[in-house]
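Please open the model in your viewer and keep the selection tool at hand. The tour goes from one selection to the next and says what is to be found at each stop.

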Amino acid sequence: MKEMNILYISVFLPLIVGFLMLFLPNKIKSVSRALTFIISVVTFVLGIKIFTGGESDYILPILQLGESLGGLELELMLTVKPLGAFILMFAMGFGLLITLYSLKSVGANTKRINEYYGAILLTIGGTAGILLSDHLLFLLVFWEIVTVSLYILITTGGNKSNFAATKSFAMIGASDAAFMLGVFMIWKLSGTFVISNIDLATNSTLSIIAFLLLMTAAITKAGALPLHTWVPTSGEYAPVSAMALLPAAIDKLLGIYLLVIVVREIFDIQPGALTVVLSIIGSATIVIAVMVAMVQHNLKKLLSYHAISQVGYMILGIATCTPVGIAGGIFHMLNNAIYKCCLFLCGGAVEQASGTAELDKLGGLGNKMSITFTTCLIAALSISGIPPLNGFVSKWMIYQGVIKMGTQQTGGTAGFWPIWLTCAMFGSALTLASFVKLIHSIFLSRLPDKLKDVKEVSPFMTVPMVVLASLCVFFGVFYHVPLKLFIYPALGIEPGSAIFGTWMSGLSTILLIIGIGLGLLIWLFAKLSKNVRIVPTWTCGEVQSNESMRIPGTHFYKTVSRMSGLKQLYSGQEKGYFDPYDQGGKAGLGLTAFLKWLHSGVLPVYLTWVVLGLLIIIFVICKVQ
Amino acid sequence: MSIPLPLFIAVPLIIAFVLPMFGRKGKAVATALANMVTISLLVFAVASIGKTEVYEIGKWSIPLGINLVLDGLSSLLLLAINVVAAAAMLFSIKYMEQYTAKTKYLSLFLLMVAGMNGVVLSGDIFNLFVFLEIASLASYALVGFGCDHEELEASFKYMVLGSIASVFILFAIALIYGNTGTLNMAYISKAIQNSGLNAGLTFALAMFMAGFGLKAALVPFHAWLPDAHPSAPAPISAMLSGVLIKALGVYSLARIIFNVFGVSVAVGWVLITLGVLSMVVGVFLAVGQWDFKRLLAYHSISQMGYVILGLGIGALILANNGKVEWAAMAILGGMFHLVNHAVFKSLLFLTSGSVEMSTGTRQLKELGGLAEKLPFTRATCTVASASIAGIPPFNGFWSKMILVIASVQAGFLWLAAVTVIVSLVTLISFLKIQRYVFLGELPENLRQTKENKGFMLIAMVFLACLCLLMGSLVLVPGLKESILEPAVKVLTDGLNYSANIIPKL
């Protein structure tokens with residue numbers, strides 16, 4: 001009985017309170033803050049309890065149409081499963097950290113603060129619902145709740161956010177529609193909505209379409225190509241904490257969770273045409289998104305494109321269909337959520353402290369904001385896959401998965417494994433390149449005059465960043481711990497069967513530390529020997545302003561975007577030629593324009609329609625009867 | 001306690017003729033009286049839930065006399081009509097102060113209500129036509145109530161097309177009378193069962209479908225609606241879109257097809273085609289509109305498509321002798337969507353009225369950033385938008401879901417796909433409303449905008465709460481059996497209608 005209550009509370013307490021909070025008048029601000037904080041702590045504790053408590057379930061009948069009305073019965077089934085439970089625990093953790101961060105970061109500029117906190121709670125509750133639900137239809141309901149809360153969160157980002165919010169909701173809403181259709185197709189095929197009871201083979205047209213529809217929903221939420229365009233648009237205008245919570249962390253967890261469920265539980269995907277599709281999406285996402293990220297000038301937009309690029313690794317890992325690849329994909333999902341969330345929070349701290357997110361207006365903040373700098377550096381190294389941090393471990397596992405697929409499997413996607421591997425490694429290198437630009441532009445180059453008075457942000461904001469950065473280090477050095485505790489049990493993999501290579505993180509960490517220590521010694525030695533004279537640069541007596549001596553990092557990779565061939569692609573991308581939202585919108589407006597043209601407003605035309613309609617009805621009815 | 005059925009018609013009809021006598025000075029009294037009428041009608045409607053009754057006017061026994069019939073379907077419609085009428089009347093108290101001749105407005109309003117109540121209660125087809133004309137004529141006048149150029153044009157178009165529909169219907173009634181010798185629907189149904197359909201009756205059925213289809217604004221008979229509904233004052237738009245097209249169009253269509261003529265495969269397919277056409281054409285026209293109320297009006301066409309689609313799938317299954325439960329589920333989806341649409345669409349029109357009253361415009365491009373200026377209007381509008389777009393847990397989600405499940409169950413995956421896609425476009429067009437009306441930059445000239453308080457607010461909040469709670473009509477066991485299930489049963493029973501109404505036949 002007690003177990004049941006935990007599941008129920010962790011879903012419905014945040015949902016109900018969050019929903020009511022949306023309608024609170026704006027004057028009562030402190031209540032919603034305190035309440036959100038308390039509930040996020042409660043759900044985090046419950047998340048840990050659910051994870052440690054083992055399997056349990058809770059069934060609540062929702063809709064029962066009697067026999068006379070088709071006998072449809074829908075039950076809300078909350079079930080604890082290893083995969084969902086561990087993701088749930090981390091998702092609740094992110095919820096708590098973001099709430100903590102928001103206490104200071106959201107305030108002065110946000111006018112509809114109750115809506116913000118209400119949406120945070122809706123996100124938490126909806127996420128819990130998705131991860132616990134064993135009923136596809138209710139999973140869809142919770143899925144939509146998370147979509148709606150993303151929309152609300154983006155709209156709180158100021159006057160210009162309305163376009164971004166609309167675009168995000170429209171695109172994710174479209175994928176939700178695909179999800180819904182897919183769910184009903186599965187229901188038609190298997191006769192049940194209960195995930196545990198479904199096991200379909202992809203051998204008929206209908207089941208392949210159903211798989212593709214569900215896959216569309218998963219990759220749109222996670223933000224993979226070609227349905228990723230809502231992420232950068234919202235990244236530019238949404239409050240940065242909202243970006244850190246949803247597109248950076250929870251949307252990734254949910255999208256990849258759904259993909260794993262679809263690939264492993266609902267369908268039984270074997271290597272073949274469908275895994276080729278997944279691999280192509282994965283590799284293309286890695287490379288293309290990172291290429292776009294490199295040339296961005298806006299901090300938040302740059303991070304958004306990286307959030308897209310990293311999804312490619314997870315999808316590629318899952319597409320390998322090897323234990324190590326899938327485990328790597330899931331581990332990368334977790335790692336990515338950690339460092340990407342941290343990066344967004346750092347970006348938010350920088351933006352709040354300096355008042356801008358444009359890279360060429362920033363610089364030299366390393367000394368002023370040392371905590372932000374350190375955490376951001378760790379996260380940036382981690383996302384670039386530098387050992388011994390966590391991003392390296394999971395990428396390493398994914399590479400291994402790809403190689404293993406190439407050597408062990410035949411047919412399908414396996415034959416192309418060098419291509420996938422090249423894309424993945426190349427993407428990783430480009431990621432490092434673009435973070436070099438980011439770190440340089442924000443923290444290292446010369447401090448602009450305007451930012452002389454910048455101070456480190458409040459502990460409410462630094463604590464979440466520090467926690468996340470420490471997790472990056474911990475999961476990298478002691479990678480066995482999360483793998484054994486979370487990943488292997490979640491996937492039902494024997495620890496022995498997915499073990500990889502001869503990577504000894506402990507030894508290499510020690511070596512790395514020794515190396516850095518030696519470097520420090522040399523530096524100290526040079527500094528103490530006092531044979532070096534430090535004088536200002538000689539400028540022939542001419543006084544140079546500080547601004548003219550700054551070298552912002554925004555032009556680091558300008559040559560790439562000017563390369564012929566790439567140049568056209570970049571400009572097309574800027575204009576939205578590859579954006580399904582823009583193109584879909586144009587097609588829809590074309591249809592609307594045609595229909596409007598038909599509705600001329602002339603009465604005789606309308607009369608003609610009526611008469612024609614009558615004639616057709618008469619013809620059909622009289623002819624058939 | 002049993003409510004005498006004629007009260008539903010007599011009370012508004014009599015008060016409608018009394019009201020103009022109050023003149024300009026007695027405006028407040030007239031308003032209060034009109035509100036009392038609509039609220040007591042709502043109470044009557046709630047009290048009549050779950051009853052089946054036949055009332056013979058003047059104790060003249062049928063077929064000589066006229067009868068009023070209350071069954072599950074009628075009481076569902078009565079409830080919808082009177083809920084919306086009560087809310088719209090409450091909203092009118094302050095809103096209609098902008099217009100002159102308020103007492104005439106009130107009188108026309110009550111006439112329209114009397115007509116609609118008459119349509120859904122009437123047991124014989126000629127009286128149905130009479131009440132339909134009362135409601136229609138009142139609505140022609142109300143559409144042109146503002147007396148501006150555009151409003152009069154819209155009213156004229158509406159009147160021409162509406163009269164043509166009336167001619168179709170009257171002609172069909174004449175054909176029926178000629179072929180069966182009776183006007184009572186139960187007797188007609190019996191006669192058709194005994195002797196089968198002949199060419200004249202089939203022709204009459206087609207005329208009915210076109211005529212009621214026009215009243216229900218189904219594509220291609222919809223052209224009057226996008227002009228007429230936005231031109232009317234907001235509470236009247238709410239009445240027209242919320243209930244008039246349903247009572248006059250969908251209800252009559254369903255009654256005639258299911259209970260009088262009986263379903264056939266051809267009719268089922270015609271309904272499905274009309275439904276799909278309306279859904280698709282309506283929604284794509286809606287998404288391109290820049291006039292707040294016009295956008296909403298096009299959505300009425302699209303949403304009526306859902307209702308007709310549900311009825312069509314049900315009719316097709318019944319005609320093919322398929323599983324009655326599956327047909328029942330499709331019809332349930334349609335009927336549930338009908339009442340849901342009545343609530344959220346009338347709420348949307350009321351909120352558009354509130355925005356128009358506060359800002360003086362309803363052009364989306366001239367609005368913006370009103371979320372903080374009009375918090376209540378925004379909240380209620382958002383609730384209604386979420387309902388119409390089918391976002392859980394609001395009412396529209398449940399009805400659309402039942403409709404989609406029913407069409408998948410019946411094997412029409414493509415219909416399910418159309419439903420879902422139309423729903424997506426609906427969502428996008430309401431995101432557009434949010435984006436241009438309530439979010440974004442507040443224009444300079446709207447800085448002084450004030451929220452509408454008082455009765456307007458009460459009416460909107462009342463309907464918004466209904467949007468949230470109406471999911472319980474299918475979710476809560478007791479409510480489902482007493483409100484929706486009887487209505488569905490009336491339709492799935494089909495031709496047993498005559499035996500249910502007049503057992504001795």
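This is a predicted model: local features need pLDDT of at least 70, side-chain atom pairs count only at pLDDT 80 or more; totals for chains, interfaces and linings use all residues.

Residues are numbered from 1 along each chain as its sequence is written, and chains are lettered from A and ligands numbered from 1 in the order in which they are written.

Helix H6 covers residues 161-190 of chain A and helix H7 covers residues 205-222 of chain A; helices (H or I, at least four residues) and strands (E, at least two) are DSSP runs, numbered from the N terminus. The two pack at an angle of about 150°, with their axes 8 Å apart, the axes being lines fitted to C-alpha atoms, for helices over the stretch in contact, and the angles running from 0 to 180 degrees between N-to-C directions. That angle makes H6(A) roughly antiparallel to H7(A), since angles over 145 degrees count as such, those under 35 as roughly parallel, 65 to 115 as roughly perpendicular and the rest as oblique.

Now colour the contact between these helices by class: it has 14 nonpolar, 5 polar and 2 charged residues. Here Ala, Val, Leu, Ile, Met, Phe, Trp, Tyr, Cys and Pro count as nonpolar, Asp, Glu, Lys and Arg as charged, and the others, Gly among them, as polar.

Next, move to Pro226(A), in the loop between H7 and helix H8 (230-237) of chain A, where a cis peptide bond with omega of about -5° joins Leu225(A) and Pro226(A).

Then select Cys321(A), in the loop between helix H11 (299-319) and helix H12 (323-354) of chain A. Cys321(A) has a positive phi of about 60° although it is not a glycine. Is Cys321(A) buried or exposed? Cys321(A) counts as buried, because it has 24 C-beta neighbours inside 10 Å; the cut-offs are 20 or more other C-beta atoms within 10 Å for buried and 12 or fewer for exposed, with partly exposed in between, and the C-beta atoms are placed from the backbone.

Finally, go to chain B and select Lys59(B), in the loop between strand E1 (53-56) and strand E2 (67-70) of chain B. Phi of Lys59(B) is positive, near 60°, and Lys59(B) is exposed, with 7 other C-beta atoms within 10 Å.
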